[in-house]
Amino acid sequence: MLLSKTLFAFREKSREKETPENGYQDSSPKLPRKGEGSIGSSDSRNITELPVEILIDILCRLPIETLLSCRCVCTTLRRTITSNPQFAHHYFSISPVHALLCIGTRVSRFLCLLRLEEETAADLHVQVPKLKFRLPIHNLVILNSHNGFLCLGHPPLYNPVIVCNPITGEYVHLPSRTDGLEDKENRNQVVSGFGYCPKTNQYKVVRLICRKNIMTEVYTLGEESWRSARHAPKGSRKWFSSGFYFKGVFLNGKVHWVSDEMQSSDFIITFDLETESFGVVRPPSHFASAEYGVKWRVIIGELGGCLFLIDHSSSFHLWIMKDYGVQESWTEVCDIGEYRPIMYLKDEKILVNYKNTKLACYDPRTNIAKNIRISGIPPYFTTVAHVPSFYSLKEIMKNAQSHIKVSRDWEGINSFAI
């Protein structure tokens with residue numbers, strides 16, 4: 001129905017352009033008016049006959065649920081949606097950030113894509129399409145989300161094992177090299193990150209394995225195996241004192257982790273995916289004082305393209321680095337309490353997660369959070385910011401397409417009542 005309305009609006013707009021002020025009507029073929037025939041009838045122009053640029057423009061205006069249904073209409077639509085890089089790029093460029101809900105603490109069968117449409121917290125209307133996406137390995141956790149892809153890890157080590165696109169259903173197993181991961185002494189001793197290098201058009205996964213020293217390995221999607229990278233800085237064994245840090249934050253081409261290094265204020269460690277080298281991002285200047293010696297109470301994340309930091313040691317102050325890499329640009333925004341920021345909403349409000357049990361719309365100007373009630377969702381879930389895309393692993397792994405699989409049980413997205 002929505003596709004028909006979009007086409008009808010496009011048709012009427014085209015008719016207006018074709019009819020000059022003197023009333024002369026061009027005799028060239030036109031899309032039929034309502035009632036003159038169906039879109040697919042022999043006496044009218046079929047949608048598949050539209051120029052590909054126009055077809056892509058029309059499709060990119062549709063919600064993702066409708067797009068997935070359109071794949072079943074005909075071969076042309078299916079190929080455009082699933083195999084056209086121009087469509088994938090344009091769709092991703094205009095796609096808003098969604099909240100991806102993982103039911104429970106681990107990915108089993110369902111992921112829920114949350115779309116918030118209204119501007120004010122008081123009038124929030126929530127639509128929750130459900131992604132039915134079953135993987136051959138269960139009990140996975142979401143480590144990272146980038147460009148529509150998810151990097152999933154397997155607890156208790158949180159070793160990255162799969163990269164997938166839950167929209168297309170494509171996934172690939174990462175090589176299974178497990179040096180240093182099987183010893184009991186290394187339980188919970190892996191941190192990782194996933195991101196994209198635009199200069200080389202490569203997606204990379206990095207993992208740090210704690211042995212006597214930190215072993216750093218990098219895997220580039222499409223290659224055959226992990227390879228060793230530069231060693232981590234001295235004293236970095238202490239990064240692994242808490243399992244809280246197994247998820248890296250990808251921003252500005254670098255993966256970020258929090259170190260529990262007691263002797264230094266430079267506890268935000270980075271790994272540049274392009275140069276494959278380590279660095280640091282300096283926190284707000286007052287973190288150098290002795291009272292901030294326990295760094296495991298600090299969490300970091302990405303919010304609106306900026307690095308954020310929350311100090312849980314004595315308060316819950318939210319800091320945002322407005323100019324990446326510039327220490328003086330850290331700005332204290334608010335006391336956010338025990339809420340975890342997920343993404344910006346309209347009117348400078350923030351979607352937040354409270355202890356993985358509820359979502360709320362938080363206004364930092366008034367320090368008020370209004371709960372978002374979603375029926376049909378179990379009482380415990382994790383949330384990540386996610387921009388859905390139709391990017392295909394086949395475009396990324398052109399020389400290793402035999403490794404790409406598509407979930408047979410994948411049923412796309414089906415809306416359910418709330």
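Five of the six residues of strand E6 (residues 149–154) are buried, so this strand is largely enclosed by the rest of the structure. Here, buried means under 20% relative accessible area, with exposed over 50% and partly exposed in between (1.4 Å probe, protein chains only). The structure is a predicted model, in which local features need pLDDT of at least 70 and side-chain atom pairs count only at pLDDT 80 or more, while totals for chains, interfaces and linings use all residues. Residues are numbered from 1 along each chain as its sequence is written, and side-chain values use heavy atoms, leaving out hydrogens and water.

Strand E5 (residues 141–146) is joined to E6 by five bridges in the antiparallel sense, and Ile-142 stands opposite Leu-152 in E6. Two residues separate E5 and E6 in a hairpin, where Asn-147 in the turn has a positive phi of about 55°. Five bridges also join E6 to strand E7 (residues 159–165), again antiparallel; in E7, Leu-152 has Ile-162 as its bridge partner. The hairpin of E6 and E7 has four residues between the strands, and Tyr-158 in that turn has a positive phi of about 60°. Strands are said to pair if DSSP finds at least two bridges between them. Helices (H or I, at least four residues) and strands (E, at least two) are DSSP runs, numbered from the N terminus.

Turning to the helices, H5 (residues 85–94) has Phe-87, Ala-88, Tyr-91 and Phe-92 buried. These residues lie on the same side of H5 because they cover an arc of only 120° around the axis, the arc being that of the directions from the helix axis to the C-beta atoms. The buried residues of H5 pack against helix H2 (52–59), helix H3 (64–70) and helix H4 (75–83), where contact means heavy atoms within 4.5 Å. At the start of H5, a side-chain oxygen of Asn-84 comes within 2.8 Å of the backbone nitrogen of Gln-86.

For the chain as a whole, there are six helices and 27 strands, and buried residues make up 50% of its 418 residues.

Notes. Polar contact = N/O pair within 3.5 Å; in protein donor to acceptor, adjacent residues only side chain to side chain.
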